[in-house]
Amino acid sequence: MTADIIDGKAFAARVRGQVGEHVARLKEEHGLTPGLAVVLVGEDPASQVYVRSKGKMTTEVGMKSVEHKLDAATPEADLLALIEQLNRDKTIHGILVQLPLPKHLNEDLVINAIDPAKDVDGFHISNVGLLGTGQKSMVPCTPLGCLMMLRDYHGSLLGMDAVVIGRSNIVGKPMAQLLLGDSCTVTIAHSRTRDLADVVRRADIVVAAVGRAEMVPGDWIKAGATVIDVGINRIELPDGKTRLVGDVDFASCAAVAGAITPVPGGVGPMTIACLLANTLTACCRANGLAEPEGLTA
Ligand code: NDP
């Protein structure tokens with residue numbers, strides 16, 4: 001194996017440490033405590049695990065954590081009323097509605113009901129537009145975490161060829177915008193891309209956000225390229241146990257790449273760290289204070 005392993009777990013711990021220090025200063029100097037409200041509708045087991053872990057880490061960095069767990073059959077009007085109440089609550093600086101929502105709820109309507117200044121997931125249409133036009137916005141947590149790791153490893157990304165595989169609104173598209181913002185030459189690939197292998201082989205940076213286990217083999221990777229694996233896929237092993245793998249075939253890609261993120265322990269931990277960073281940023285902006293350095297795009 002030749003690639004450097006980009007340790008997202010350690011990096012995320014560092015980011016949480018920085019957030020915690022900043023929160024302590026906000027309390028001491030301004031009497032402010034950033035607050036994050038997480039809304040969970042229904043009993044999706046994976047969502048419950050995410051929400052628990054978000055709540056725990058929010059408290060650990062000294063922020064206020066509020067959880068609203070609503071019944072799966074909650075009417076849309078009730079959810080919108082709760083969001084409106086959180087929008088008005090001065091002790092809450094970040095609001096996150098855990099997705100996916102039950103089928104009877106309109107996700108776009110719900111997300112766009114959140115005050116854009118409190119939209120720490122960065123999914124509100126205003127934040128999408130601000131990011132797309134290179135203005136100050138709330139940036140989606142997963143791509144922000146990927147960007148932080150790339151900047152930390154490379155310093156400047158200027159002029160690098162980047163390929164993002166996947167064009168979802170939550171990962172692929174914002175990731176491409178962020179790389180463009182850092183002056184990469186960006187290609188977005190998707191399920192209809194012709195000769196994906198050839199496209200990926202040209203990249204200095206490959207971000208895989210597809211949701212297909214170990215889809216990218218090592219012989220698609222240019223020697224020395226940096227590979228960021230966003231995918232989280234649970235596969236069943238011959239002995240019946242399961243294991244988490246990414247969208248890239250780690251062993252063969254690590255043999256040719258210059259650097260690579262593992263799964264688990266790469267992008268995943270950075271996502272929650274960036275949620276905390278965004279909540280801190282939102283609190284600073286809401287109070288006209290300087291934003292934390294190095295924790296925003
Ligand atoms: P989506 O399903 O929304 O998007 C997947 C994208 O991959 C689509 O644009 C799709 O193309 C593209 N795609 C599908 N098959 C192929 C293929 N054969 N070749 C090229 N492109 C293909 O997924 P998300 O963006 O939400 O998530 C992607 C992965 O990242 C998942 O594994 C998810 O679990 C993980 N994830 C991890 C997070 C973390 O914290 N680490 C956070 C969020 C997601 P098309 O548009 O043409 O259909």
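**Exercise 1.** Which strands does helix α2 lie across, and at about what angle does α2 run to β3?

*Solution.* The model is predicted. In it, helix α2, residues 45–60, lies across β2, β3 and β4. Its angle to β3 is about 160°. Helix α3 (residues 76–88) also packs on the sheet, where α3 touches β2, β3 and β4. The direction of α3 makes about 180° with that of β2.

**Exercise 2.** Determine the strand order of the open sheet and identify its edge strands.

*Solution.* Begin with the order: three strands form the open sheet as β3-β2-β4, with parallel pairing. Next, consider the edges: β3 (64–70) and β4 (94–97) each pair on one side only. On average, neighbouring strands of this sheet are turned by 15° against each other, direction ignored. Within β3, valine 66 is the bridge partner of alanine 37.

**Exercise 3.** Which residues of α2 are buried, and against which elements do the buried residues pack?

*Solution.* Taking buried as under 20% relative accessible area, the buried residues in α2 are Ser47, Val51, Lys54, Gly55, Met57 and Thr58. The buried residues of α2 pack against α1 (8–30), β2, β3, β4 and α10 (267–286). Just after α2, glycine 62 adopts a positive phi of about 90°.

Technical notes: Residues are numbered from 1 along each chain as its sequence is written. This is a predicted model: local features need pLDDT of at least 70, side-chain atom pairs count only at pLDDT 80 or more; totals for chains, interfaces and linings use all residues. Side-chain values use heavy atoms; hydrogens and water are left out. Two strands pair if DSSP finds at least two bridges between them. Helices (H or I, at least four residues) and strands (E, at least two) are DSSP runs, numbered from the N terminus. Axes are lines fitted to C-alpha atoms, for helices over the stretch in contact, and angles run from 0 to 180 degrees between N-to-C directions. Contact means heavy atoms within 4.5 Å. Buried means under 20% relative accessible area, exposed over 50%, partly exposed in between (1.4 Å probe, protein chains only).
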